[in-house]
Amino acid sequence: MSFTKKPGGKALDVLQNLPRITLANLRPEPGSKQAERRRGRGQHGGNRSGRGHKGERQRGTRPRLGFEGGQTPFYLAIPKYGYNEGHSRHPQYQPLSLKRLQYLIDLGRVDPTQPIDLTQLVNARGVTIQPKKRDFGVQLVDEGSDIFAAKINIEVQRASEGAIAAIERNGGVVSTSFYDPISLAILIKPVPFFLRGQPIPKRMLPGEDMVRYYTDAANRGYLADPEKIQQARLDLAQKYGYILPDISKDELCHMLSSRKDVRQIFFGLSPGWVVNMAEKKVLKPTDEKLLQYYNSQI
């Protein structure tokens, strides 16, 4: 008589005969574990345990990583390069809103019939410029653009698109120009400079990081192409939906079209001239070498 074997019956028999696996009968593989060496037990495992005599190294009380015995550690003595890199060279521009500018014009502190630059704005107490604190001029912002109604020719260092549109909508002109710290200090306080009897220096050209801004016609940079500036004026008028007034037919055409030279600091005063405040005279250089130096654009 024969019996048929069930599939997997042998495996089931093996599992039934094996003991159950529990935490109590778990053992490591024979030969995988070795007894640890007893240290620090005198004659029964080493006298000094390889640690030497006394001190932090023997007792295992070494200080944390980076501790230098109480003196200022290296990671505190050395500044963090990169986080504030160049912070002392970042230019700052004091904001001047169109609302504030209209207020100064209404009070008579600023004359709209004359070109406006930093000299007029500082004398009118409209802004405070401190070249020693990294101030590089004025930034014209569009706050109060809906109430601004003056027709002016203004020169600032930075200007927002809304402020440019508000001034050009009234028939005015905006230009942005760069002043180095020495020229800026002379421009905001011309009288103390004139009293020293020194010739007016040439204005320095902008640095490499500022050339792109002052050569852009959209920013009305003083180094931009005049034809591109005129095209940018038309594009801005089309963007904001106003008709651009024709400056050439305006009665203040001469004032609106007046601009400083690239190296010029004051309106009407060229580099190299000396202003004599006591005698109220302007002295001009006559030497050929001086004329060649002050008239050059290099």
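Leu-140 stands opposite Ala-159 in β4, a strand here being a DSSP run of E with at least two residues and a helix a run of H or I with at least four, both numbered from the N terminus. This is a predicted model, in which local features need pLDDT of at least 70 and side-chain atom pairs count only at pLDDT 80 or more, while totals for chains, interfaces and linings use all residues. Residues are numbered from 1 along each chain as its sequence is written, and side-chain values use heavy atoms, with hydrogens and water left out.

Strand β2 (residues 135-141) pairs with β4 in the parallel sense over two bridges, where pairing requires that DSSP finds at least two bridges between the strands. Three strands form an open, parallel sheet in the order β1-β2-β4. Because β1 (92-97) and β4 (158-159) each have a single partner strand, they stand at the edges, and one side of each is left without a neighbour in the sheet.

The pockets are open sets of points on a 1 Å grid over the protein atoms alone, with protein on both sides within 12 Å along at least five of seven lines, and their lining residues have an atom within 4 Å of a point. A volume is the space filled by probe spheres (1.4 Å probe) set on the points, which are joined across faces, edges and corners.

| Pocket | Volume |
|---|---|
| Largest pocket | about 360 Å³ |
| Second largest pocket | about 150 Å³ |

Of the 17 residues that line the largest pocket, Val-173, Ile-229, Gln-230, Arg-233 and Ile-247 are the closest to its centre. Helix α10 gives the most to this lining of the largest pocket, with four residues. The second largest pocket is lined by residues including Ile-129, Pro-131 and Lys-132.
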